[in-house]
Amino acid sequence: MTDTIATTAPTPTRSPLRLALIVGALGVVFGDIGTSPIYTLQTVFNPSDPHPVPLTTENLYGVVSLIVWSIILIVTVTYVLLAMRMDNDGEGGIMALLTLLRRWAPSSRTRIVVLLSGLAVLGAALFLGDSMITPAISVLSAVEGLKVINPGLAEWVVPITAAILLVLFLVQRFGSAVVGRLFGPVMVVWFAVVAVLGIGGITHDPGILLALLPTYAIGFMVGHFQIAFFALAAVVLSVTGAEALYADMGHFGRRPISFAWLVLVFPACALSYLGQGALVLQDPKNISAPFFLLAPGWGQIAMVVLATAATVIASQAVISGAFSVASQASGLGYLPRLRVAHTSSSTHGQIYVPWINWLLMVSVVTLVFAFRSSAALAFAYGMAVTGAITTTTILFFYLARRRWRNVPPWLLWAGGIALVSIDLLFVAVNLTKFIHGAWLPLAIGLAAFIVMTTWQRGRELITERRTQAEGSLNAFIDKLRSKSTLVATVPGTAIFLNPGSATTPLALRANVERNHVRHERVVVLSVEIDTVPRLPEERRFVVDDLGDPTDGIVLVRMRFGYTETPDVPATLATLPADQSEGTLDLDDATYFLSKIELREGRLPGMAQWRKRLFLASSHITSDASNHFRLPRDRVIVMGSQIEL
């Protein structure tokens, strides 16, 4: 029995525009980009920067204009208006783009596809690096507001930050829906206060509104390029969170996120930057902490508390995005099989990945104690952000050229060249900060890239060698039928899980060749993860009777989308009896797993150090019984050994 896999692009899902989703999105998605006004402008004019930007009226107008138009071009145009329309059945982020690339590319082995696939994996790796830095710099920047109130509190900034972050990671197991409900109302208050304070700041010098004109940004870049170029290294802080916004799309949907951005988040951020600029124009000394100084003296303590709460939520945006990226990477074979907890019965994309959560927690707290200030981390921050943004832009326009046939090619080329050029400019300026901290996200990203590509290559080699050891399933079944009198048939149902559908499960081979028995009902079960997030029920099974519809032996290919929970017993219960050659006794069925013990060898295919890395990574693979929701009291594991 055969089945044809659809190759056409899925119809983009239309998310319901509900208030609960909008508020939830505010609590999970926008924390990072929504708290960027706390530190962006003061970082641009930081006198300790290795390439300081002089604080002059002309430079201030140019910087504020650059910030506003960077947000417009990168966040609003690249992500909200363009990239978020390129979804994989509702899922967004760089791994979703990689999935679409693999599905729509003319050949998975062409040079351009291999190059873009590697670029996508690198972008995902940089995003994971970003998810380690964002919580540290965001919460540090807010708690540092204590120094504005009382300089003597400076020594408490780091321990308070670490404590807040520990609590944040501990509540992740409750899921982004619960977190969003808790954080959403706080962020509504946050953006309202930020907007009001921004308007109040503008009243100090309404002329700052002229910075909304792109001519100021262009004039600054053209007339003072040597200054503006280095200013971009800090200006990029205003768009941090753009990739998380895209990666979190599966949690809440495109429409709620787009609506919240255009109606509330972007206007509030723009007003804050304009208000800070006007405040500094009034008194250049205000550049020390322009965001907090927008608040009146009596309200600064409350503002620090609110900012701290908002930056905790900022951390949530990238943490949720990291869960999505890691889960998708695992489903696509770039990471080991991870335990993924789906925390919502109504929204598919809301997940919790324990291993990633604890890795991030340790990494983030370590960064807080190592760097000890947001200014020190700012040099490292932009590199991860710009790398991920550039990768997303390149992949988007390549896919748009293949998918959007009704759009004139010249328009896509023009838009792509313009936006990628802007992204590359940000990458170039952040490379100048390499020795000052930009090396950190590159190192984290490179390490994650090596792990992901090593795991993907190692899986290919293991699959090849396992296939050789298992042999052809059809040949084995034919041989079994020819020797049916030598093999005893015992009552019951046996389900043999196998990674492929063409080879013989090692446990089945051992049962027949060593124990000389087979069960009355035998199901060779192959669980396949498709390159779409979710599959309709009509595509759940492909059943093959292996040439004899009466011998009680069937091959079942069970399919899941990469965001679905592969509950094997519950899904098998939906298989019609006429397809399984009779009713399966699932209440008393025995599940057989073939456990492969990997051993380092000298066979070609991978460098020895990568083999050791692959073997080390294999230890974090989640237990198959738990992963497939098998009843532990009816699982038998039979071992074998494969040399890598």
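Begin at histidine 516, which sits in the loop between α22 (506–513) and β4 (517–529); helices (H or I, at least four residues) and strands (E, at least two) are DSSP runs numbered from the N terminus. The model is predicted, so local features need pLDDT of at least 70 and side-chain atom pairs pLDDT 80 or more, while totals for chains, interfaces and linings use all residues. Residues are numbered from 1 along each chain as its sequence is written, and side-chain values use heavy atoms, leaving out hydrogens and water.

Most residues other than glycine have a negative phi. Histidine 516, however, has a positive phi near 60°. Its relative accessible area is 43%, making histidine 516 partly exposed (buried is under 20%, exposed over 50%, partly exposed in between, with a 1.4 Å probe and protein chains only). Leucine 546 also has a positive phi, of about 60°, and lies in the loop between β5 (541–544) and β6 (553–560). With 6% relative accessibility, leucine 546 is buried.

Now turn to helix α24 (residues 608–617), whose buried residues are Gln608, Lys611, Phe614, Leu615 and Ser617. Among the elements covering them are α20 (439–470) and β7 (590–599), where contact means heavy atoms within 4.5 Å.

Finally, look at helix α5 (residues 94–104) and helix α18 (residues 374–403), whose axes come within 10 Å and cross at roughly 30°. Those axes are lines fitted to C-alpha atoms over the stretch in contact, with angles running from 0 to 180 degrees between N-to-C directions. The contact includes Leu97 and Trp104 of α5 and Leu395 and Phe396 of α18.
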